[in-house]
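Welcome! Please take a moment to look at the sequence and the 3D structure below, and then we will walk through them together.

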Amino acid sequence: MSILPVIKYPHPLLKTKCKPVSKINAKISKLIDDMIETIYSFPGCVGISAPKVGKPLRIIIFDVSKHKKAPPSNHNLTVMVNPVMIEKKGKTITREGCLSLPDFTGNVTRAESIKVKGKDKHSKRIEFYLVGLESVAFQHELDHLDGILFIDRISSLKTDIFTRKRYL
Amino acid sequence: MENKFVLFVIGEDRPGIVAGISGVLYKNNFNIEDSSMTILERYFAMILITSSKVRYSIPLLKKKFKEVEKKLSLYISVKRIAPVREKEEMFINAEPYIITLIGSDRIGIVHKITNLIAERNINITDVKTEIIGEEKIPIYTMILELEIPPEIDIKKFRSSLFRLGKELNVKITLKPIDILKL
């Protein structure tokens, strides 16, 4: 396994709609393992998507279990290939930061609870509910697969975006 | 070497202030590196950090703004600043926190709370204040963002803030800024 370099805005891949993974072969498995190693190499980081490491493929990984506000129902380390959001409910505001946009944090409104489906790293179909921070992490990473960054979801410059801080 | 200047501008609000100031900078090939602009009561205020490849003297720079300063009745001040320093050691492990304060307006709130913060060597990174409510009963609100170094005992700090809140008859809360790192 190896830690992959994370690409940063304005890299064009961050604005690209990523392609579905047709088959989880050895190459994809290696990419998934490397992404897992990469996510844990950043202290406090709870999510990563393939485009962030320069691969325009629909793969996301999240693990909010170490976060102090993690919902008790969280799924620990979760790999999702070709993830889809099939239901969403409620609203929650979270201050998000992104490895690909290092100098900003911003308040983003997202669905509080969602139902998602996709495949795990063994090509098995998975479907479950996510709430709170885990739901936010999923939606943030899913956005990356469609070329959307959290700053695209900011509604007010005055109250929602925080710059120049040394938070990340 | 780059020459950096900080520019302070304030004047009675009217259309064209930002365009006027940025016009002078643009014509003289200045880059705007950072800025903060807002309205304070009837006044529009700007703070800009600009840089230029040309080493202008302060009097010459001031002269370049003379026309727009007069035309828009502005007060403009320019100061040369040093290039950005490396992140200071004391802030590297600091955690971001937010303080909110709300209560009846009175003299001394800002000083007392910020003094309590400064005595503990805690750095303030952002402050917003606003007076809300009706004219007869003005309510003062304040939001401060801080970087709290690890050696600070949060429980003790919170109870000091609580005691100050009682003394000033305002409600003060302290909470960490949780950032979801993705």
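## Where the two chains meet

Let us begin at the interface: 21 residues of chain A are in contact with 11 residues of chain B, where contact asks that two C-beta atoms, placed from the backbone, lie within 7 Å. On the side of chain A that touches chain B, strand E4 (92-98) and helix H2 of chain A are the elements that give two or more residues. Helices (H or I, at least four residues) and strands (E, at least two) are DSSP runs, numbered from the N terminus. That side of chain A divides into nine nonpolar, six polar and six charged residues. Here Ala, Val, Leu, Ile, Met, Phe, Trp, Tyr, Cys and Pro count as nonpolar, Asp, Glu, Lys and Arg as charged, and the others, Gly among them, as polar.

E4(A) also pairs with strand E9 (residues 179-181) of chain B, in the parallel sense and over three bridges; to pair, two strands need at least two bridges found by DSSP. A:Gly97 stands opposite B:Lys181 in E9(B).

## How the model was made and read

This is a predicted model, in which local features need pLDDT of at least 70 and side-chain atom pairs count only at pLDDT 80 or more, while totals for chains, interfaces and linings use all residues. Residues are numbered from 1 along each chain as its sequence is written, and chains are lettered from A and ligands numbered from 1 in the order in which they are written. The predictor's confidence in each residue, pLDDT, runs from 0 to 100; chain B has a mean of 91, and 95% of its residues reach 70 or more. For the complex, the predictor gives an ipTM of 0.87 and a pTM of 0.74.

| Helix | Residues |
|---|---|
| H1(A) | 26-41 |
| H2(A) | 132-145 |

Which residues of H1(A) are buried? They are A:Ile32, A:Met35, A:Thr38 and A:Ile39; buried means 20 or more other C-beta atoms within 10 Å of a residue's own, exposed 12 or fewer, and partly exposed in between, with C-beta atoms placed from the backbone. These four lie on the same side of H1(A) because they cover an arc of only 125 degrees around the axis, taken from the directions from the helix axis to the C-beta atoms. Their cover includes strand E1 (47-49), strand E2 (59-62) and strand E3 (78-89) of chain A. The face turned away from the buried side carries the exposed residues A:Ala26, A:Lys30 and A:Ser41.

In H2(A) you will find A:His144, which is buried, with 25 other C-beta atoms within 10 Å. Leaving aside neighbours within four places in sequence, A:His144 is in contact with A:Ser49, A:Pro51 and A:Lys52.

How values were computed:
The expected span of a helix is 1.5 Å times one less than its number of residues.
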